[in-house]
Amino acid sequence: MSTPDVNDERQAADFVLAADPKALLDLITTDREITGKSILEDDSIEIDGRKYQGYKEDRYFLPNDPEEQDRLDMQHAMMTALLDNKLSCSPNTNPSKVLDIATGTGIWPIEFAREHPEAEVIGTDLSLIQPAMEFLPPNVSFVKEDCEDDEWTIPKDFDLIHLRAVYTAIKDHGKLIRKMFEHLAPGGWIEIVEARPEVLSFDGTSVGSALERWGQMVHAGLVRLGRDPFAITRYGEMMREAGFVDYSERVLPLPTSGWAEEERYKMAGRYQGANSKQALLSGTMHRLFKATGKGDDEINRDIKQAVQEMEYGYVHGYWPIHVVHARKPSL
């Protein structure tokens with residue numbers, strides 16, 4: 001079966017519904033044990049019972065506490081499954097110096113460092129919530145840094161710069177792309193994997209659904225908070241303006257639950273369903289939803305309905321995931 005890119009004419013045939021769409025997702029459960037380590041910084045702040053990074057309060061609107069760390073690791077598993085169990089799809093298959101921006105728990109650079117012991121791997125983030133050095137591969141390290149506004153203290157000779165799932169955080173995408181260009185070695189590549197925050201479907205089942213409204217709430221909240229939810233759709237133009245060449249982009253469908261037939265997409269959808277349910281029920285996205293101006297009753301009603309739609313699989317929704325590559329010209 002060919003990869004069911006969203007813009008592929010064969011997408012409907014390639015993305016067949018599961019035989020039993022009403023089956024409960026076996027990876028979704030409300031009492032899943034938290035595995036994220038309690039790694040919090042002195043500048044963390046508490047809002048409505050959740051911990052948030054306090055380095056720059058207006059830069060990131062999701063928590064950074066153990067529950068969120070656990071969800072981010074599950075999100076990593078989801079993305080890896082979607083990418084056919086690959087950490088990177090970059091044309092540079094053997095980079096020697098690698099940077100992961102907005103690294104979160106550090107799980108991507110840690111796993112990449114283990115796969116590539118000959119490479120030096122660095123992760124940067126607003127929060128130092130990554131494991132202690134004694135638990136890390138010797139070729140990985142982490143730096144606390146605001147990728148947009150801070151002056152980068154890291155080298156300017158990376159072979160690969162990786163960026164994933166940052167649409168809730170970045171204010172000026174063009175500025176970040178120019179910084180990445182500056183810090184790549186000649187011939188180096190960037191790889192960006194990013195969701196477009198809207199729920200679609202091939203068969204129309206998402207239309208009018210709570211999952212569709214969830215995507216609309218995320219979009220509206222981000223706009224109110226000064227973010228550009230669909231910036232990923234303009235990355236090609238931004239990258240060419242920055243000087244990149246060999247731009248490529250494909251769009252993959254990430255199922256909202258495990259309703260897909262093909263195992264790769266079914267597993268990615270199961271992880272995404274569990275990831276989404278944890279985010280919705282734990283209040284991870286509450287600050288974002290409140291920014292839309294909706295009341296708690298309306299938000300809670302939509303959350304309850306969205307969770308039900310994921311659990312029973314009768315809405316065959318997907319989030320579009322953009323996978324982008326571009327190269328800095330060689331000298």
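Me: How many salt bridges does the structure hold?
Reply: The model shown is a predicted one. A pair is counted when a side-chain nitrogen of Lys or Arg lies within 4 Å of a carboxyl oxygen of Asp or Glu. The number of salt bridges in the structure is 14.

Me: Is Arg 196, the salt-bridge partner of Glu 198, buried or exposed?
Reply: The closest N and O atoms of Glu 198 and Arg 196 are 2.7 Å apart. Glu 198 is partly exposed, at 23% relative accessible area. Buried means under 20%, and Arg 196 has a value of 14%, so Arg 196 is buried.

Me: Which residues are joined with Lys 294 into one network of salt bridges?
Reply: Lys 294 forms a salt bridge with Glu 298, with 3.7 Å between the closest N and O atoms. Lys 294 counts as partly exposed at 23% relative accessibility, and Glu 298 is partly exposed at 31%. Through salt bridges that share partners, Lys 294 is joined with Arg 213, Glu 298, Arg 301 and Asp 302.

Me: Why is strand β6 largely enclosed by the rest of the structure?
Reply: Strand β6 covers residues 158-164. Parallel to β6 run β3, joined to it by four bridges, and β7, joined to it by six. Strand β6 is largely enclosed because its buried residues number seven of seven.

Me: Which residue of β7 is the bridge partner of Ile 161?
Reply: β6, helix α4 and β7 make a right-handed β-α-β unit. Ile 161 of β6 is the bridge partner of Leu 99. In β7, the bridge partner of Ile 161 is Ile 190.

Key: Residues are numbered from 1 along each chain as its sequence is written. This is a predicted model: local features need pLDDT of at least 70, side-chain atom pairs count only at pLDDT 80 or more; totals for chains, interfaces and linings use all residues. Side-chain values use heavy atoms; hydrogens and water are left out. Buried means under 20% relative accessible area, exposed over 50%, partly exposed in between (1.4 Å probe, protein chains only). Helices (H or I, at least four residues) and strands (E, at least two) are DSSP runs, numbered from the N terminus. Two strands pair if DSSP finds at least two bridges between them. A crossover is right-handed if, with the strands pointing away from the viewer, the path from the first strand over the helix to the second runs clockwise.
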